[in-house]
Amino acid sequence: MSETLLEVEDLRTVFHTDKETIHAVDGVSFDVEAGETVGLVGESGSGKSVTARSVLGLVDEPGVIEAGSITFQGDELVGGNWDQHRGDIAIVFQDPMNSLNPVYTVGNQIKEALRIHQNLRGREATEKAVELLEDVGIPDAARRVSEYPHQFSGGMRQRAVIAIALACDPELLVCDEPTTALDVTIQAQILELLDELQREEDLGVLFITHDMGVIEETADRVNVMYAGEFVESAPVDDLFTEPRHPYTRGLLASIPGRNADGDRLPTIEGEVPTSTSEPTSCRFAPRCDYAFGACEEVHPERVRVGDVDTDHEVACLLYDDEFEETAPEGGVEAHGGESA
Amino acid sequence: MSVDTSRFGEALGDGRTVIWLAAGLFLFVLEAGAAANFVVGLLIDIVLAIPGVDSAGFLPGVKSAVESIPTLLSRETIPNQGYYDGSSYQNTFLGLAPAMAWAIRATLVYVYAFVLLGWMWTGYRLYVEQYRVADWTPRDDVVDRFRSHKWGIFGLLIVFMFVTMAMFAPALGPTTVDQNMRNSYGHQIDYWDSDSQSVETITVGDANLGSLSQGNDRNIGPWEYDDYGRFHPFGTMQNGRDLFTFLMMGSRISLVIGVLSVALSASMAASLAMTAAYYKGRVDLSMVLVSDAIMAMPQLLLLIMLTTVLADTWINEIYSGGFLLALIFAFTGWTYMWRSIRGPALQVSEREWIDAARSFGQRPTTIMRKHMLPYVTGYLLIYGSMTLGGAIISIAGLSYLGLGVAPPTPEWGRAVNLGQDYVTTGSWHISLIPGILITLVVTGFNALGDGIRDAIDPQSDSAGGEAAGAGAGA
């Protein structure tokens with residue numbers, strides 16, 4: 001086992017608005033180790049990005065981390081202690097168009113981070129910035145360093161953003177949908193780059209996406225997020241070969257090309273509900289094909305499934321021994337993949 | 001970097017930069033005395049305004065030494081105050097008539113100012129073409145859009161002429177404030193007495209009494225000479241003083257108070273808007289409450305109350321009460337500007353590069369200054385320009401009511417007030433001319449603001465001037 005970088009325990013981030021309190025992240029727990037990629041997958045509005053922002057301490061008012069703990073290399077961060085680890089956790093945002101400030105040159109923005117974290121200025125900083133741009137695969141970096149973001153293409157911009165993140169010399173890289181705004185070929189290149197950097201620097205990566213295909217390629221462990229909760233957590237191979245939760249099955253079924261025989265791509269009807277109160281039922285139940293009576297009354301606990309040595313957890317009453325009697329015969333397995 | 005230095009070398013070898021620098025030096029030498037005079041005079045005025053500092057020290061010596069530096073556009077180089085000795089004009093420029101000499105000086109002042117403007121524009125173009133690393137920046141588009149905005153250009157011209165008026169006020173007037181108003185019995189002039197057919201001497205104060213404009217029978221109108229051979233481009237005032245000189249000096253105080261109050265309120269508004277947008281939530285809400293409370297106070301009543309209450313304090317003595325006015329305008333006026341730029345600031349604060357900077361540990365103040373402020377400076381320019389127009393109206397309005405800038409310091413609003421009784425008579429010019437000037441200048445500032453807004457944000461609707469009304473407080 002390698003060193004555990006980040007430990008998130010029962011994290012709850014809520015937003016207090018005038019009308020109601022929104023539980024955006026509702027009790028999630030996960031660890032990220034050095035050299036490991038942890039995937040976080042879910043629909044829009046499931047709380048992925050808020051989780052990422054919570055880890056970085058970037059939750060703005062009216063949002064607040066209400067409970068739980070985030071420890072980085074053993075130091076508790078919740079309660080405003082992010083400053084001691086600023087730069088150890090770096091983030092790559094979704095839209096490189098927006099995460100670079102258009103009025104400063106790319107080099108300038110890399111140097112800003114270098115100045116804070118490596119205390120480099122002037123010529124030294126410029127040289128280091130060129131070096132970083134070369135590391136992320138930007139050709140002719142010496143010239144590119146003094147260009148503005150609008151002179152970069154989308155893929156190059158994302159490379160520049162990654163270079164800024166690397167300028168902080170981080171231990172953990174949080175990637176918030178880093179490839180969503182890019183086209184597929186560029187996406188593959190960026191993923192390759194991230195993979196390479198991770199191996200070189202032994203980075204821990206928290207990778208957030210809604211794209212199951214990307215998760216399959218990059219992650220070591222996957223957490224499936226729904227309405228602020230993790231409904232299923234498993235090693236990547238296990239998740240893709242033996243998905244348990246009906247929601248995970250739905251997500252996998254809606255990947256084009258996975259079920260070539262169907263003439264229409266199956267979808268999950270409806271959308272992610274906004275969690276405004278403590279859960280009293282399964283939040284996925286209204287959209288679930290396998291829901292039964294108890295689903296409306298009991299909030300499912302996470303239970304361990306599958307082999308003892310695979311760390312596979314799922315929050316679904318279908319797998320809870322307590323409800324074995326009332327659950328429909330055979331559960332999800334009986335229906336197989338056909339209806340999913 | 002090597003790329004940059006070779007570029008600089010190439011550009012310097014071109015020769016255009018050298019010509020441009022030489023032209024700049026030449027322009028500066030022509031007016032070096034005036035520039036030094038302006039700076040030193042301002043500094044000395046500030047020092048003397050500090051309570052307890054005695055004016056009998058070495059300061060007046062410094063002042064007169066600076067005043068003796070020769071400059072092209074000065075009363076000494078092109079004098080217009082002379083007298084007719086029966087055959088020709090004495091002591092005027094080239095022996096021309098006082099009106100001609102004055103007209104030449106005033107024209108030269110404006111020619112100089114516009115040449116200076118052209119020089120600065122050429123310099124900017126030279127920088128863009130030769131020295132700037134980037135071939136194109138978004139600001140180029142803004143400049144291009146402004147250049148094709150006729151209304152904005154009109155505003156710029158008016159504002160530029162107004163600023164020139166304020167800068168060159170002493171050189172533009174046919175006489176000086178000290179000689180004509182403050183110390184009129186301490187100065188004597190020679191004039192041609194047509195009755196006795198000889199050159200007589202009289203104090204300026206007495207001459208003023210002989211050139212009153214108080215209706216149809218006693219009137220020195222625009223572009224007329226009085227009985228003492230003095231030329232009055234805008235005529236005289238009801239007390240015989242020269243209206244043109246009065247207005248020139250008045251433009252200076254309007255501009256100084258206006259710029260000071262707008263700069264103060266803009267910096268308050270900007271820093272508070274940055275703070276509100278960065279921290280959001282409760283910080284933002286409390287600022288909204290404070291600014292609403294200040295906005296709820298009737299500004300004109302507050303101005304009248306504060307100017308009356310603080311009338312006898314030392315702060316009211318700085319710049320004839322102008323400094324106090326600027327402070328009051330700033331502290332009541334920042335709310336409007338803060339409201340206007342809070343929106344754009346909140347918008348910028350949501351951009352991801354702010355979060356990126358926060359994530360790598362940049363200090364909040366640096367983020368506000370580096371990553372947020374550049375996006376609201378455009379708005380500051382727009383609202384600043386429009387508020388400046390409003391401030392000038394407010395200052396004029398207060399002096400019209402007899403408050404604000406203390407007499408005898410010239411102020412446009414007071415000229416309107418002084419001439420009010422004679423509007424229906426032959427002395428209509430006393431009120432009308434300053435009134436037209438105020439209208440023109442305020443229109444100019446608003447037009448400039450419109451132009452800047454359309455240039456910065458091409459999507460904005462130039463017809464709906466929601467910002468235009470914000471400035472006019474009193």
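Student: How many helices and strands are there in chain A?
Tutor: Chain A has 11 helices and 12 strands. Keep in mind that this is a predicted model.

Student: What's the radius of gyration of chain A?
Tutor: It is 21 Å. A compact globule of 340 residues would come out near 20 Å, so the value for chain A agrees. The C-alpha trace of chain A spans about 70 × 50 × 45 Å along its principal axes.

Student: And how much of chain A is buried?
Tutor: Of its 340 residues, 45% are buried. As for contacts in chain A between residues at least 6 apart in sequence, 63% join residues at least 24 apart.

Student: On to the sheets. What's the strand order in the eight-stranded one?
Tutor: The order is 6-7-8-3-9-10-12-11, in chain A. That sheet is open, with mixed pairing. Its edge strands are strand 6 (89–92) and strand 11 (303–305) of chain A, each pairing on one side only. From one strand to the next, the twist averages 20°.

Student: Which way do strand 6 and strand 7 of chain A pair?
Tutor: They pair in the parallel sense, over four bridges. For a landmark, Val92(A) stands opposite Cys175(A) in strand 7 of chain A.

Student: What about strand 7 and strand 8 of chain A?
Tutor: Strand 7 and strand 8 (residues 204–209) of chain A also pair in the parallel sense, over five bridges. Leu173(A) has Val205(A) of strand 8 as its bridge partner.

Student: Is strand 7 of chain A enclosed or open to the outside, and why?
Tutor: Strand 7 (residues 172–176) of chain A is largely enclosed by the rest of the structure, because five of its five residues are buried. Here "buried" means 20 or more other C-beta atoms within 10 Å of a residue's own.

Student: Which of its residues point which way?
Tutor: Leu172(A), Val174(A) and Asp176(A) point one way from strand 7 of chain A. Leu173(A) and Cys175(A) point the other way. All of them are buried. In a regular strand, side chains alternate between the two faces of the sheet.

Student: Where's an antiparallel pair in that sheet?
Tutor: Look at strand 9 (residues 221–226) and strand 10 (residues 229–235) of chain A, which run antiparallel and are joined by six bridges. Val222(A) has Ala234(A) in strand 10 as its bridge partner.

Student: What's the order in the four-stranded sheet?
Tutor: It goes 2-1-4-5 in chain A, open and antiparallel. Strand 2 (21–33) and strand 5 (75–76) of chain A each have a single partner strand, so one side of each is left without a neighbour in the sheet. Strand 4 (residues 63–72) of chain A meets strand 5 over two antiparallel bridges. There, Thr71(A) stands opposite Glu76(A).

Student: What about helix 17 of chain B, buried or exposed?
Tutor: Helix 17 of chain B is largely enclosed by the rest of the structure, because 21 of its 28 residues are buried. Helix 17 (residues 429–456) should span 40 Å at 1.5 Å a residue, and its end C-alpha atoms are 40 Å apart, which agrees.

Student: How many residues does each chain put into the contact?
Tutor: Chain B gives 18 residues and chain A gives 25. On the chain B side, helix 11 (281–296), helix 14 (352–359) and helix 15 (364–400) each supply at least two residues. Helix 14 of chain B gives the most, with six.

Student: Where is Lys280(B)?
Tutor: Lys280(B) sits in the loop between helix 10 (243–279) and helix 11 of chain B. Beyond its neighbours within four places in sequence, Lys280(B) is in contact with Asp60(A) and Glu61(A). Lys280(B) is partly exposed, with 17 other C-beta atoms within 10 Å.

Terms used
Residues are numbered from 1 along each chain as its sequence is written. Chains are lettered from A and ligands numbered from 1 in the order in which they are written. This is a predicted model: local features need pLDDT of at least 70, side-chain atom pairs count only at pLDDT 80 or more; totals for chains, interfaces and linings use all residues. The expected span of a helix is 1.5 Å times one less than its number of residues. A residue is buried if 20 or more other C-beta atoms lie within 10 Å of its own, exposed if 12 or fewer, and partly exposed in between; C-beta atoms are placed from the backbone. Two strands pair if DSSP finds at least two bridges between them. Axes are lines fitted to C-alpha atoms, for helices over the stretch in contact, and angles run from 0 to 180 degrees between N-to-C directions. Two residues are in contact if their C-beta atoms, placed from the backbone, lie within 7 Å. The radius of gyration is taken over C-alpha atoms; the globule rule is 2.2 Å times the number of residues to the power 0.38.
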